[in-house]
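Biologist: I am new to this structure. Please show me how to read its features.

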Amino acid sequence: MAEPGAGDPLEAKSGKAPMAQRIDPTREKLTPAQLQFMRQVQLAQWQKTLPQRRTRNLLTGLGIGAVVLAIYGYTFYSVSQERFLDELEDEAKAARARALERASGH
């Protein structure tokens, strides 16, 4: 019988493939070749996920930009709909006209 993990792709007891172990390069002494291999694997994983990450970042940026433009547009729309100051100005003109009529004696 072969030792588990010694060339046998399946562990003898459970019938499952052996799991990769996490290695902390700061605690364990690794050879330069092992460190280089780790860097290559990390780079390959990063490059594999780069298009997905780029697409997600682009969609997130477009979504945030759309929300900002919507808020900006709604603000301009709601400010243009305000007639509050126009009504006050009309009332002030009417009050001035009444005051001038009283002052002139009519």
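Biologist: Where is Leu58 placed?

Modeller: Helices are DSSP runs of H or I with at least four residues, strands are runs of E with at least two, and both are numbered from the N terminus. Leu58 sits in helix α1 (residues 32-81). This is a predicted model, in which local features need pLDDT of at least 70, side-chain atom pairs count only at pLDDT 80 or more, and totals for chains, interfaces and linings use all residues. Residues are numbered from 1 along each chain as its sequence is written, and side-chain values use heavy atoms, without hydrogens and water.

Biologist: Is Leu58 buried or exposed?

Modeller: Buried means under 20% relative accessible area, exposed over 50%, partly exposed in between (1.4 Å probe, protein chains only). Leu58 has 56% relative accessibility, so Leu58 counts as exposed. Across the protein, buried residues make up 0% of the 106 residues.

Biologist: How many helices and strands does the protein have?

Modeller: The protein has two helices and zero strands. Helix α2 (residues 84-104) holds Asp90.

Biologist: How is a pair of aromatic rings described?

Modeller: By the distance of the centres and the angle of the planes. Rings of Phe, Tyr and Trp (its six-membered ring) pair if their centres lie within 6.5 Å; planes under 30 degrees apart are stacked, over 60 edge-to-face, the rest tilted. This rule gives one aromatic pair. The ring centres of Tyr72 and Phe76 are 4.9 Å apart and their planes stand at 75 degrees, so the pair is edge-to-face.

Biologist: What separates Tyr72 and Phe76 in helix α1?

Modeller: About one helical turn, because they are four residues apart in helix α1. Tyr72 is exposed, and so is Phe76.
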